[in-house]
Amino acid sequence: TLTVHGLSGEVLAYNWYAGPTLSLTYLVASYIVSTGDETPGPAHTGREAVRPDGGLDIRGALPGHSGTYILQTLNRQLQTDVGYGHVQVYEILAQPVVTANNTALVERRDTLRLACSSPSPAEVRWFFNGEALPIAIRLGQSPDGRVLTRHGVRREEAGAYQCEVWNPVSVSRSEPVNLTVYYGPERVAILQDSTTRTGCTIKLDFNTSLTLWCVSQSCPEPEYVWAFNGRALKNGQDHLNITSMTAAQEGTYTCIAKNPKTLLSGSASVVVKLSAAAVVMTIVPVPARPMEGQDVTLTVQGYPKDLLVYAWYRGPASEPGRLLSQLPSGNWIAGPAHTGREVGFANCSLLVQKLNLTDAGRYTLKTVTLQGKTETLEVELQVAR
């Protein structure tokens, strides 16, 4: 209801206008006080009615009823007077919708555009992860606030975006649109046992195990490729197991992380070596106490990685006549003490087949490296009946 204040004298008629001027086009209705007759004008919507006191009722007001209203009065002296008022009708707002040009973008490469759509004119606010989003320096905003633009999107801008429309009587927030920003891989590194950061070199005792983990900053999780001394390994996991460390496993291990979305890659390498303690050779009979008639292998652990030649003796190495066999540069040579039942291997181990009681006693291994270093090691073999 538009209520009139300040009427003076005896009024004969009221004319209501919905517009900026007293034009017939804007005439809503004319009302004769003495008869109560009301005549609708061109601007009448079917919802307006003039009251006897000069007020104007608008039933079921709509946003279209917003605007300037003018009341013109006529008194008995045929004089007119004019009063002005303004009405703003707000509607209950429907839920807006946020649309994105793309919800999965590549960092520093793609442009983000978010648009807030609402059927009604209203003020707009933006929210990021549930918190009010200020007009950030990097986020360009359209004059009406309904479009956000970010050239070269950043990873910190990944998350849930919502827009909210509001007026003095209503507020409505959109469903969230989740934005993913792909980046990396960055800071690729190899960790030892998933938590321990490695240096450039890892030293490992002989016959021990190690797990190398490849980590990086990347979205999504990268694809992994491992290489050993430049040769690709059949391993697509984020970790690599090295079991029973030997000299053959010494070298450079490289992890290559590849991001299938950004098409970028990064790598890290570490050198794995046997520790100083690993060069100490040991001879272990397998089985430990063989029976007469069985085979036994004198297994050598920690043999020199740069081996040139080795020789086995049935007794002390100082007596050449006790030479069983030797392996220089991969060629097997039988010695004077060879019985035909002994077989040597490239890892220096010696197999003695079909043992008899006379095979019990001392065995000596002599090794020579490429640098000319000589080492002698003895073992006592027992043969049970």
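1. Glu-378 is partly exposed, with a relative accessibility of 45%; here buried means under 20% relative accessible area, exposed over 50%, and partly exposed in between (1.4 Å probe, protein chains only). Arg-362 is likewise partly exposed, its relative accessible area being 36%. The side chains of Glu-378 and Arg-362 form a salt bridge at 3.6 Å, N to O, the term denoting a side-chain nitrogen of Lys or Arg within 4 Å of a carboxyl oxygen of Asp or Glu. Glu-378 belongs to strand β34 (residues 374-381) and Arg-362 to strand β33 (residues 361-369), so the pair ties together parts that are 16 residues apart in sequence. Helices (H or I, at least four residues) and strands (E, at least two) are DSSP runs, numbered from the N terminus.

2. On the basis of the model: it is predicted, so that local features need pLDDT of at least 70 and side-chain atom pairs count only at pLDDT 80 or more, whereas totals for chains, interfaces and linings use all residues. Residues are numbered from 1 along each chain as its sequence is written, and side-chain values use heavy atoms, with hydrogens and water left out.

3. The structure contains 10 salt bridges. One of them joins the side chains of Glu-186 and Arg-155 at 2.6 Å, N to O. Glu-186 is in strand β17 (residues 177-192), while Arg-155 is in the loop between β14 (147-151) and β15 (159-167), so this pair ties together parts that are 31 residues apart in sequence. Both partners are partly exposed: Glu-186 has a relative accessible area of 30%, and Arg-155 has a relative accessibility of 24%.

4. A further salt bridge links the side chains of Arg-150 and Glu-157 at 3.1 Å, N to O. Arg-150 and Glu-157 are both buried.

5. The largest pocket has a volume of about 370 Å³. On a 1 Å grid over the protein atoms alone, a pocket is an open set of points where a 1.4 Å probe fits, with protein on both sides within 12 Å along at least five of seven lines; lining residues have an atom within 4 Å of a point. Grid points are joined across faces, edges and corners, and the volume is the space filled by probe spheres set on the points. The lining comprises 24 residues, of which Val-4, Leu-7, Leu-71, Val-82 and Gly-83 are the closest to the centre of the pocket.

6. The largest share, 8 residues, comes from β7. By residue class, the lining divides into 12 nonpolar, 11 polar and 1 charged. In this scheme Ala, Val, Leu, Ile, Met, Phe, Trp, Tyr, Cys and Pro count as nonpolar, Asp, Glu, Lys and Arg as charged, and the others, Gly among them, as polar.

7. An open sheet of 5 strands runs in the order β19-β25-β24-β21-β22, with mixed pairing; two strands pair if DSSP finds at least two bridges between them. The edges are β19 (201-204) and β22 (231-232), each with a single partner strand, so one side of each is left without a neighbour in the sheet. Strand β21 (residues 223-228) pairs with β22 in the antiparallel sense over 2 bridges, and Phe-228 stands opposite Arg-231 in β22.

8. β15 and β16 also pair in the antiparallel sense, over 4 bridges, and a hairpin of 2 residues joins β15 to β16. Trp-166 has Val-171 in β16 as its bridge partner. Strand β16 (residues 170-173) has a covered face made up of Ser-170 and Ser-172, and an uncovered face made up of Val-171 and Arg-173.

9. Ala-100 is located in strand β8 (residues 97-100) and is partly exposed at 28% relative accessibility. Apart from its neighbours within four places in sequence, Ala-100 contacts Arg-113, Leu-114 and Val-177, contact meaning heavy atoms within 4.5 Å. Ala-100 and Leu-212 are 112 residues apart in sequence, and their C-alpha atoms are 41 Å apart in space.

10. Gln-301 lies in strand β27 (residues 296-301) and is partly exposed, with a relative accessible area of 28%. Residues up to four places away in sequence being left out, Gln-301 touches Phe-206, Val-280, Met-281, Thr-282 and Val-284. Gln-301 and Phe-206 are 95 residues apart along the chain, with their C-alpha atoms separated by 8.0 Å.
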